[in-house]
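Good morning, and thank you for coming. Please look at the sequence and the structure while I go through some selected features.

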Amino acid sequence: MTSDSPIFPKAIEHLQTELNEVANQNSPPVGAKKLFIAIPNMIDVNAMLLNKLFMFAMQREFSVRFQIVPEVRFHDHARNRIVVTFLESDSDYLVMIDADVDPNPKLLEMVRLDKDIASGNIFCWINGQVMPSIWTRAPCEQCFCVKKFVDAGLVHDPSQYRISVLDCAGKDGQPGLIDCLFRWNPFRQQYESLTTREGIIPGRKCRCLGTGLDPFVYRVHPGVVGQGKLLQCDSVGAASLVVARRVVEKMSRPWFQFLYKEMREIMLTEDHFFCWRAKLEGFEVWADPQMAGSHFKTVDLFAVNSLLVRAWNIGREQLKAEMQGPEISSIILPPGILHEVPK
């Protein structure tokens, strides 16, 4: 199914109707949880997802309803429209699946966990790297930028900070101009004063609120590798997401929002924004690394090749260390890997 036809939205509407008709033929047990399964569709819906949607429609444990949002720009807008429709229903859980994802066939089982927010493991492709969308906060970059300015008068990240003069009182209490580090406020779309060389200005706070962990910068959760069980985290991707109704009922609009730097570079993606806001309201975010699904992307094959080479080199060095001897000549470079990459 592609978007090269003017009847595409009607085709999606027909698909949504058919899914709901199939779901209505089931007889879930009395008191079954009601699920609102929604797909924010940017261009098309992959065939493997269609197969899963009909499988979900025919299951008998839950009462399900479907919504497919056709050709809505952008991701945050599409997701917010879905939440509005979800809240208009009487559904207990929102299950959001991206149109380019083939979700794990057991995804709906996550509803049984009764978590505030839970996600399957959908890998993403970012700057030529493949990584799971299960995240923890990184050390605060704003704290680091403040320290650079206080210690040396330097702007570490010119995309978010700049030095300007501020009319304020100095240590002697006399008014005057003083160098000040201004930070970009993505909500107001303007710069605001943050710190002088003497420290953060009274009334201002670092965005980490003293935790030392940045709400706008994330790294892959270390528990993803090797743990293989449900884990609590700071953020998850929204490509395979289960959200309890209580979460979005307590949160204010917008639930999903991209934040941008001055030059329109993305500062925070809409899924990180949602998880950050939810955690501020006291909700928990969970993910199951074993609840893996497929994510279809157009990728650079040279970058994939480079990743394979890097992984092979790491494995070779680990084996050499374990053997405590010379390189093992029986280690063979996988066919097709032709380019070495910098270590």
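This is a predicted model: local features need pLDDT of at least 70, side-chain atom pairs count only at pLDDT 80 or more; totals for chains, interfaces and linings use all residues.

Arg264 sits in the loop between E16 and strand E17 (266–268); strands here are DSSP runs of E with at least two residues, helices are DSSP runs of H or I with at least four, and both are numbered from the N terminus. Although Arg264 is not a glycine, its phi is positive, about 75 degrees. Most residues other than glycine have a negative phi, and most peptide bonds are trans.

Residues are numbered from 1 along each chain as its sequence is written, and side-chain values use heavy atoms, with hydrogens and water left out.

Asp114 also has a positive phi, about 55 degrees, and is not a glycine. Asp114 lies in the loop between strand E4 (101–102) and strand E5 (117–126). With a relative accessible area of 42%, Asp114 is partly exposed; buried means under 20%, exposed means over 50%, and partly exposed is in between, with a 1.4 Å probe and protein chains only.

Which peptide bond is cis, with omega near -10 degrees? The bond in question runs from Arg253 to Pro254. Pro254 belongs to the loop between helix H6 (245–250) and strand E16 (259–260).

Let us now consider the chain as a whole. The chain has 8 helices and 18 strands. Of its 343 residues, 47% are buried. Its accessible surface comes to about 18100 Å², and 55% of that belongs to carbon and sulfur atoms; these areas come from the Shrake-Rupley method with a 1.4 Å probe, and for residues only the protein chains shown count as cover. Among contacts (heavy atoms within 4.5 Å) with a separation of 6 or more, 72% are between residues 24 or more positions apart.

Helix H2 covers residues 47–58, and its 12 residues reach 17 Å from the first C-alpha to the last, close to the 16 Å expected at 1.5 Å a residue. That expected span is 1.5 Å times one less than the number of residues. Which residues of H2 are buried? They are Leu49, Leu50, Lys52, Leu53, Phe56 and Ala57. These residues lie on the same side of H2, because they cover an arc of only 165 degrees around the axis; the arc is that of the directions from the helix axis to the C-beta atoms. On the other side of H2, Ala47 and Met58 are exposed. An α-helix has 3.6 residues a turn, so residues three or four places apart point the same way.

In H3, the end C-alpha atoms are 20 Å apart, which agrees with the 20 Å that its 14 residues should span at 1.5 Å a residue. The buried residues of H3 include Asp76, Asn80, Phe86 and Arg79.

Glu270 is buried at 5% relative accessibility, and Arg79 is buried with a relative accessible area of 2%. A network of salt bridges links Arg79, Asp98 and Glu270.

Arg183 forms a salt bridge with Glu192, the closest N and O atoms being 2.9 Å apart; both Arg183 and Glu192 are buried. Asp214 and Arg207 meet through their side chains in a salt bridge of 2.9 Å, N to O. Asp214 counts as buried at 0% relative accessibility, and Arg207 does so at 15%.

Finally, I come to Ser235, which is found in strand E14 (residues 235–236). Is Ser235 buried or exposed? Ser235 is buried, with a relative accessible area of 0%. Its side chain makes a polar contact with the side chain of His272 at 2.7 Å. A polar contact is a pair of N or O atoms within 3.5 Å; within protein, one must be able to donate a hydrogen and the other to accept it, and residues adjacent in sequence count only if both atoms are side-chain atoms. Leaving aside residues up to four places away in sequence, Ser235 touches several residues, including Trp135, Tyr218, His272 and Cys275.

Technical notes: A salt bridge is a side-chain nitrogen of Lys or Arg within 4 Å of a carboxyl oxygen of Asp or Glu.
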